[in-house]
Amino acid sequence: MKLLVTGGAGFIGSAVVRLAVARGHSVVNLDVLTYAACLDNVAQVSNSPLYAFEEADIRDRAALDRIFAEHAPDAVMHLAAESHVDRSIDGPGDFVETNITGTYNMLEAARAHWVGRGRPESFRFHHISTDEVFGSLPMDPQVKFTEATPYDPRSPYSASKAASDHLVRAWHETYGLPVVLTNCSNNYGPYHFPEKLVPVVILNALAGKELPIYGAGENIRDWLYVEDHADALLCVLERGAPGRSYNIGGENERTNLDLVRMICGLMDEIRPKASGTYVDQIAFVADRPGHDARYAIDPTRIRDELGWRPSVTVEEGLRRTVEWYLDNEDWWRPLQARHGVGERLGTDTKTMSGAR
Ligand SMILES: NC(=O)c1ccc[n+]([C@@H]2O[C@H](COP(=O)([O-])OP(=O)(O)OC[C@H]3O[C@@H](n4cnc5c(N)ncnc54)[C@H](O)[C@@H]3O)[C@@H](O)[C@H]2O)c1
């Protein structure tokens, strides 16, 4: 299959690109290379005859039309997005433009391509979204997000993703575009940009810096290893029913504090400090405004209908992740110099930044 993957120089998109090429798919990676992108993420496949790169902005419809015409993909996997909640608090404009208008452009370019090819039923527009569109769950472990949970986004990031999900469903209902959607929980793993919790904890631990925990660290997330997510996405692309959405989770709920303690335990074992434990570096900092209490995925649909389950526990996935960061300083060190990395973002809700 020839896949057009947007956002393939980012964290999850690059895992999809690497896996798809390894499985023999042709991949066109469309990415504008924002601060969050790194082409080293796809270095393993960049010389493959199955791989092509297009530097383009999903806000640029003419560029999208050219890329569809030139590459004639059989399917689209749309991951390009602004993805950092804290940055969305400081500058929501980019999130509206890329996540909503950009998705609209992708849908229209894909629809023109699909119509031009005689509306093949086999075509897919796979929209990759987040569980954050469902809002915040109570702490009751029986209550989880299903595909029928009403949308209740509470940050500029999740609101922009929710809007894009609605557009994708509308393009299916109105125009018949064969779409599939996935809503996934928090990912972690290799190539995670060093502004997100897991890499921040590993890299600050190594540098002897504070390990910042928002609020009391009681917020619960359902952690999924990124390579399992990429595998689930290819599974949904190949076997999911048009018009249907699938929740993807790791079946690994942890509080942020527990997760950070687990990382500290692994670091103590693999790269012990001269004295003491990395846990001593934990520091509680001001909470994120509107911080959702709990996310948890009910994975029944993807498990029962498509037979998919995550392959690693959070213990095993975190071990692989810690080892990967310890072995790949050449990858993460230059990224720490990028704008905003290492700074506390998203706390000043009184500033009228409007955009950047
Ligand atoms: N990270 C998570 O835990 C998680 C969980 C569920 C869903 N998702 C979704 O998965 C997708 C990928 O997330 P990620 O964590 O890999 O994000 P990321 O920030 O690491 O990567 C996003 C990529 O999109 C590109 N991009 C951004 N704006 C663009 C534009 N206007 N045109 C073209 N390319 C653009 C960036 O350059 C970057 O390479 C997003 O849609 C996100 O909402 C993420």
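This is a dialogue about a predicted model and the terms used to describe it.

Colleague: How do you know how confident the predictor is in this protein?

Modeller: The mean pLDDT is 95, and 97% of the residues reach 70 or more. Residues 352-356 have a pLDDT below 50, and this stretch makes 8 contacts in the model beyond near neighbours in sequence.

Colleague: Why is Leu33 called partly exposed?

Modeller: Buried needs 20 or more other C-beta atoms within 10 Å, and exposed needs 12 or fewer. Leu33 has 14 C-beta neighbours inside 10 Å, so Leu33 counts as partly exposed. Leu33 sits in the loop between strand 2 (26-31) and strand 3 (51-55). Its phi is positive, about 60°, although Leu33 is not a glycine.

Colleague: And what makes Ala72 buried, exposed or partly exposed?

Modeller: The cut-offs are again 20 or more for buried and 12 or fewer for exposed. Ala72 has 13 other C-beta atoms within 10 Å, and therefore Ala72 is partly exposed. Ala72 lies in the loop between helix 2 (61-71) and strand 4 (75-78). Phi of Ala72 is near 45°, a positive value in a residue other than glycine.

Colleague: How do you know which side chains of strand 8 point to which face?

Modeller: In residues 211-214 the side chains alternate.

Colleague: What makes strand 8 and strand 13 a pair?

Modeller: Pairing takes at least two bridges between two strands. Strand 8 and strand 13 (residues 282-285) have 4 bridges, in the parallel sense, so under that cut-off they pair. In one of these bridges, Pro212 has Ala283 of strand 13 as its partner.

Colleague: Which residues touch the most other members of the largest nonpolar core?

Modeller: Val5, Val16, Met77 and Ile263 do, out of 90 residues in that core. Helix 1 gives the most to this core, with 7 residues. Leaving out residues up to four places away in sequence, Val16 touches Val5, Gly8, Met77, Leu79, Ala230 and Leu233.

Colleague: What makes up the shell around the ligand?

Modeller: The shell divides into 14 nonpolar, 11 polar and 5 charged residues. Of the 30 residues around the ligand, Gly7, Gly10, Ile12, Ala37 and Ala81 come nearest. Helix 1 (11-22), helix 4 (92-116) and strand 5 (124-130) each supply at least two residues of the shell, and helix 1 gives the most, with 3.

Notes
Residues are numbered from 1 along each chain as its sequence is written. This is a predicted model: local features need pLDDT of at least 70, side-chain atom pairs count only at pLDDT 80 or more; totals for chains, interfaces and linings use all residues. A residue is near a molecule or strand if its C-beta atom, placed from the backbone, lies within 6 Å of it. Ala, Val, Leu, Ile, Met, Phe, Trp, Tyr, Cys and Pro count as nonpolar, Asp, Glu, Lys and Arg as charged, and the others, Gly among them, as polar. A nonpolar core is a set of buried Ala, Val, Leu, Ile, Met, Phe, Trp, Tyr and Cys residues joined through C-beta atoms within 7 Å. Two residues are in contact if their C-beta atoms, placed from the backbone, lie within 7 Å. pLDDT is the predictor's confidence in each residue, from 0 to 100.
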